[in-house]
Amino acid sequence: MLDHVTIGITDIERSKAFYDQALRPLGIARLYAEGERFAGYGIRPKAFFWIGLREPTQTGAHIAFAASDRATVKRFYDEAIAAGGKDNGPPGLRPHYHANYYGAFVLDPDGHNIEAVCHLP
């Protein structure tokens, strides 16, 4: 099951203006912003579609898979690294997202950012 998707963009202000307007008829609004690099859209309280500035060496793809618990997030990370993935953020809390956000990030062989996340305490 997917938790959220992020796509890469090159101009955050232009993209926010576009998505603010284009998604409004669908009942989807900008709920979050992370500085000048990312914006999250969704239906309160959950942002499930994100846009973010990306470096040219990393693809814009970010796919987050829901995990049932924190141990599963760690197992995902360990297995992904063992399979040849590159560390992009080890398992741990990301309290800047929310108090119980526990995730791990790995770049796959093509540079796509793959995440496992658990939202439970």
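In the hairpin formed by strand 7 and strand 8, five residues lie between the two strands, and G111 takes a positive phi near 90°; helices (H or I, at least four residues) and strands (E, at least two) are here DSSP runs, numbered from the N terminus. Most residues other than glycine have a negative phi, and most peptide bonds are trans. The model is a predicted one, in which local features need pLDDT of at least 70 and side-chain atom pairs count only at pLDDT 80 or more, while totals for chains, interfaces and linings use all residues. Residues are numbered from 1 along each chain as its sequence is written, and side-chain values use heavy atoms, with hydrogens and water left out.

Strand 7 itself (residues 102-107) is mostly covered, six of its six residues being buried, where buried means under 20% relative accessible area, exposed over 50%, and partly exposed in between, with a 1.4 Å probe and protein chains only. In a regular strand the side chains alternate between the two faces of the sheet. In strand 7, Y102, A104 and V106 point one way, whereas G103, F105 and L107 point the other way, and all are buried.

These strands belong to an open sheet of eight strands, arranged in the order 2-3-4-1-5-8-7-6 with mixed pairing. Its edges are strand 2 (29-34) and strand 6, each of which pairs on one side only. Neighbouring strands of the sheet are turned by 20° against each other on average, direction ignored, with axes being lines fitted to C-alpha atoms, for helices over the stretch in contact, and angles running from 0 to 180 degrees between N-to-C directions.

Strand 1 (residues 2-9) runs parallel to strand 4, to which five bridges join it, and G8 stands opposite G52 of strand 4. On strand 5 (residues 62-66), by contrast, strand 1 is joined by four bridges in an antiparallel run, with A64 of strand 5 as the bridge partner of H4. Strand 5 in turn pairs with strand 8 in the parallel sense over five bridges, and I114 in strand 8 is the bridge partner of I63. L2, which lies in strand 1, is in contact (heavy atoms within 4.5 Å) with I63, A64 and F65, its neighbours within four places in sequence being left aside. L2 and E115 are 113 residues apart in sequence, and their C-alpha atoms are 9.9 Å apart in space.

Two helices accompany the sheet. Helix 1 (residues 12-23) lies across strand 1, strand 2, strand 3 and strand 4, running at about 10° to strand 3. Helix 2 (residues 70-82) packs on the sheet and touches strand 6, strand 7 and strand 8, its direction making about 10° with that of strand 7.

The peptide bond from R44 to P45 is cis, with omega near 5°, and P45 is placed in the loop between strand 3 (38-43) and strand 4 (46-53). A search of the whole structure finds six aromatic pairs; rings of Phe, Tyr and Trp (its six-membered ring) pair if their centres lie within 6.5 Å, planes under 30 degrees apart counting as stacked, over 60 as edge-to-face and the rest as tilted. One aromatic cluster is formed by F18, Y19, Y41 and F49.

Notes. Pairing = 2+ DSSP bridges.
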